[in-house]
Amino acid sequence: GILLGPIGSMDVTDFYYDRKASCSGATYSPDCDTLRHLLRTEWREQGLDFKGFAHSHPNHFARLSPGDLRYIRRLLAINPEDDYFVAPIVIPPEFRLVPWMVLRDPQCPPVPCVLQVI
C-alpha cells in the first residue's frame, strides 16, 4: 500500500491499501491511475503527500531487492521534488516491519530507518 504524510514533513501518518494493485508472491504493481487521481483530488487538499510504499517480501527477505531499487530510483527520477522514498518491508510469517528509506542520490545505498509508532 501507499504511505502518505504531511507536505513538507518526513513523517508518515497515513496508509492507503491499494486494493486494485496487481500483486503476486514476488511483485507489486500499483494502480497508478487511481493513486494519481486520489493524490490530485483528495490527499493534496488534505495536506498529504506521497512518501513511499509498504510491501511484503517472501522468505524472510528483509532488504530491498534490486527490482525494488530500480523502481524506487525511477520514481525519484520522475519526481524531482522528492528527496527520499520510504519503503518498509513486511515479513508476513512474523508480521515484522523492516523500515527502509532510499535517498535521491543514486550513490547512497538504502538506509535502514527507525520506526516510531505514536
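**Close-up 1. Asp31 and its contacts.** Asp31 touches Asp18, Lys20 and Ala21, leaving aside residues up to four places away in sequence. Contact here means heavy atoms within 4.5 Å. The model is predicted: local features need pLDDT of at least 70, side-chain atom pairs count only at pLDDT 80 or more, and totals for chains, interfaces and linings use all residues. Residues are numbered from 1 along each chain as its sequence is written, and side-chain values use heavy atoms, with hydrogens and water left out. Asp31 sits in the loop between β4 (28-29) and α1 (32-43). Helices (H or I, at least four residues) and strands (E, at least two) are DSSP runs, numbered from the N terminus. Is Asp31 buried or exposed? Asp31 is buried yet has no salt bridge. Lys20, the nearest side chain of opposite charge, is 5.0 Å away. Buried means under 20% relative accessible area, exposed over 50%, and partly exposed in between (1.4 Å probe, protein chains only). A salt bridge needs a side-chain nitrogen of Lys or Arg within 4 Å of a carboxyl oxygen of Asp or Glu. For charge, Lys and Arg count as positive and Asp and Glu as negative; His and the chain ends are not counted.

**Close-up 2. Aromatic rings around Phe53.** The count comes to 4 aromatic pairs. Rings of Phe, Tyr and Trp (its six-membered ring) pair if their centres lie within 6.5 Å; planes under 30 degrees apart count as stacked, over 60 as edge-to-face and the rest as tilted. The ring centres of Phe53 and Tyr71 are 6.0 Å apart and the planes stand at 45°, so this pair is tilted. Phe53 belongs to strand β5 (residues 48-53) and Tyr71 to helix α2 (residues 66-78), so the pair ties together parts that are 18 residues apart in sequence. Phe53 also pairs with Phe85, edge-to-face, at 5.0 Å centre to centre with 70° between the planes. That pair links distant parts of the chain: Phe85 lies in strand β7 (residues 84-86), and the two residues are 32 residues apart. Both Phe53 and Phe85 are buried. Phe53 has 5% relative accessibility. Phe50, Phe53, Tyr71 and Phe85 make up one aromatic cluster.

**Close-up 3. Strand β1 and its partners.** In strand β1 (residues 2-6), 4 of the 5 residues are buried, so the strand is largely enclosed by the rest of the structure. β1 runs antiparallel to strand β2 (residues 14-16), joined by 3 bridges. Two strands pair if DSSP finds at least two bridges between them. β1 and β5 are also antiparallel, with 5 bridges. Which residue of β2 is the bridge partner of Leu4? The partner is Asp14. In β5, Leu4 stands opposite Phe50.

**Close-up 4. The open sheet β6-β8-β9.** These 3 strands form an open sheet in that order, with mixed pairing. β6 (55-56) and β9 (96-98) stand at the edges with a single partner strand each, so one side of each lacks a neighbour in the sheet. β6 pairs with strand β8 (residues 89-91) in the parallel sense over 2 bridges. Ser56 has Val90 in β8 as its bridge partner.

**Close-up 5. Cysteines.** The model has 0 disulfides, a disulfide being a pair of cysteine sulfur atoms within 2.5 Å. Cys113 is in no disulfide; the nearest cysteine sulfur, that of Cys108, is 13 Å away. Cys113 is partly exposed, at 27% relative accessible area. Cys32 is partly exposed, at 32%.
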